[in-house]
Amino acid sequence: MADKLMPAGGQQSEGVHVRSSNYAVDAKRLVAGQHKAQEGVTQLERTSLLDIYLDPVNRRKSSIICTIGPASIDIDTMRSLAAAGMNIVRLNFSHGDYDYHGKIIDHARVVEAENEMHPLAVALDTKGPEVRTGLLKEGLPEAVLTKGETVVVTTKAEFQKACDSSRIYVDYENMPNVMKPGNVIYIDDGLLSLQVEKIDGTDLTCTVLNSAKLGSRKGVNLPNVDVDLPAMSEKDKRDLSFGVERDVDMVFASFIRKKEDILSIREHLGEKGKDIKIIAKIENHEGVRNYDEILEVTDGVMVARGDLGIEIPPEKVFLAQKMMIAKCNMAGKPVICATQMLETMTVNPRPTRAEVSDVANAIIDGADCVMLSGETAKGQYPVQAVEMMAQIAREAESALFYRVLHAEITKMTPTPSPINESIASAAVAASYQTHAAAIVVLTTSGTTARLISKYHPACPIITITRKHRTARQVHLHRGCYPVWYNKPRREGEWQEDVEDRFNLAFRHGKNIGVLRAGDVVLGVQGWRSGSGATNTLRFLVCP
């Protein structure tokens, strides 16, 4: 029976049918064990055909970000993390000095150099405009606060190192002006809740809503309050300058509240840092409210569920997550899901069932990357956590219905489209029509690879680039397998140079098990060297 391809304008909610007995055979290579589910006509039928006894895809499309800390900073552990599936190294600048972070960058570059066919990106995560409590009084190990008691929160500098159970210093000087009676203050990830009763100058008289113990320098959250702190502290500016000098590949910008925050970071990165990707971390009400304008100017988004789950009601977090991921998918920009994904693996060798479902659902929602924090930074089982996350991602990707996703994003794309986007869309459509085993893209900036990823091919996107930073940054986009091509250009032999790069892609595809001789491969290239020239789609056969 001939294939019945999904119409370009179709989508699942309008009853589009995707059924093909031929596709089921070839789909074993594209979606592995869950090829049966691909035969379903509706979402309900496809889900009913999922089978736990079938193997997942053999190559993961989503990327794994690992926070490096005391448990993983040594180079042997970093090698093991990379072998287990780490694609991006995260530096948390809320902790550590420049020598510490410099050491992590050095180790990452060494690990990458040992296997140049597998680029390893480095991300700088800023501390951001955080609000924190002061230090406890000397000799006081912890302050005990009891429900119903009164405590004064103050911005007076004289109490910066003299906090106790009756008075807590907070380092946000304008706090009394943005707060009002009835507002709630969360301290230490919400472990302590205070309700503001009265404001008098620099003092906020509060009622303790729950009993808790308080230590020094704990984070403070002010839900439903527009905090007027600058996007970058002086420390952030120094940290970003350090990142530019050390050639980090991307910045995870904390506590982004509006588009101007992204623009100010871009300005600070300057000419030397112009190619560094900026990922906006959405962590509060203001960021959610201004999400659309932030998305217009940022290179990508991180759903930072830690602070977000304190700033907004926890039962609303999944709604924010799904909304943000969907809008990134529609815009063709990468999105990361982060925080407490496999939290129990910090101390346990196995995750909870809920954590496994959380990771899987983030992948199914459309996240390009999933992130580990304490699990790899300070956990007892960092490598096992990466291995587990990779296994979950493979299973989740097996359950995705790529043709439906492709049809939906195609229908939503306005026309006329730019040439590079039209080529990307056509390449993905052709991959379904030809049952292509891979799409090979030759790229300078990574834009074409990003656009192809946007249109959800079922096959892998082998991305060949001469720019080392581009190869690393491509990990942000689901389905892209970057390869750094380190040979010099063949002057006067441009097409021969193109063929050399395609041949490298064929060899790499065979090496990683996604290509074999005789496979149909789609090639996407430009008509000349450099960025902005992509206009050619080729139909190739793997030698």
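**Strands and sheets**

Biologist: What is the place of Ser193?

Modeller: Helices (H or I, at least four residues) and strands (E, at least two) are DSSP runs, numbered from the N terminus. Ser193 falls inside the run of residues 192-200, and that run is strand 8.

Biologist: What kind of model are we looking at?

Modeller: Residues are numbered from 1 along each chain as its sequence is written, and side-chain values use heavy atoms, leaving out hydrogens and water. Local features need pLDDT of at least 70, side-chain atom pairs count only at pLDDT 80 or more, totals for chains, interfaces and linings use all residues, and the model is predicted.

Biologist: Back to Ser193: does it count as buried or exposed?

Modeller: The cut-offs are under 20% relative accessible area for buried and over 50% for exposed, with partly exposed in between (1.4 Å probe, protein chains only). Ser193 has 9% relative accessibility, so Ser193 counts as buried.

Biologist: And what is Ser193 in contact with?

Modeller: Contact means heavy atoms within 4.5 Å. Leaving aside neighbours within four places in sequence, the partners of Ser193 are Ile185, Tyr186, Thr207, Val208, Leu209 and Asn210.

Biologist: In what order do the strands of the barrel go?

Modeller: Eight strands close into the barrel, with parallel pairing. Within it, strand 2 and strand 3 (residues 121-125) are joined by five bridges, including the one between Ile88 and Ala121.

Biologist: What is the bridge partner of Val524 in strand 21?

Modeller: Strand 20 (residues 520-526) is mostly covered, with six of its seven residues buried. With strand 17 (residues 438-442) it pairs in the parallel sense over four bridges, and there Val441 has Val524 as its partner. With strand 21 (residues 534-541) the pairing is antiparallel, over seven bridges, and in strand 21 the partner of Val524 is Leu537.

**Spaces inside**

Biologist: How many charged residues are in the lining of the second largest pocket?

Modeller: On a 1 Å grid over the protein atoms alone, a pocket is an open set of points with protein on both sides within 12 Å along at least five of seven lines, a cavity is a set where a 1.4 Å probe fits but cannot get out, and lining residues have an atom within 4 Å of a point. This pocket is lined by 30 residues, with Arg60, Ala82, Gly85, Asn87 and His118 nearest its centre. Elements giving two or more of them include helix 3 (75-84) and strand 2 (86-92). By class (Ala, Val, Leu, Ile, Met, Phe, Trp, Tyr, Cys and Pro nonpolar; Asp, Glu, Lys and Arg charged; the others, Gly among them, polar), twelve are nonpolar, ten polar and, as charged residues, eight.

Biologist: Which helix gives the largest share of the lining of the largest cavity?

Modeller: That cavity is lined by 18 residues, and Asp368, Ser453, Lys454, His456 and Arg478 lie nearest its centre. Helix 11 (317-331) and helix 17 (447-454) each supply at least two lining residues. The largest share is three residues, from helix 17.

Biologist: Which peptide bond is cis?

Modeller: Most residues other than glycine have a negative phi, and most peptide bonds are trans. Pro416 is in the loop between helix 15 (402-412) and helix 16 (419-434). With omega near 0 degrees, the cis bond runs from Thr415 to Pro416.

Biologist: What is phi of Asp189?

Modeller: Asp189 is in the loop between strand 7 (184-187) and strand 8, and it is exposed, with a relative accessible area of 56%. Its phi is positive although it isn't a glycine, at near 55 degrees.

Biologist: How far apart in space are Asp307 and Asn221?

Modeller: Asp307, in helix 10 (residues 305-311), is in contact with Asn221, Phe255 and Glu283, leaving aside neighbours within four places in sequence. Asp307 and Asn221 are 86 residues apart in sequence, yet from C-alpha to C-alpha the distance is 7.6 Å.

Methods. Pairing = 2+ DSSP bridges.
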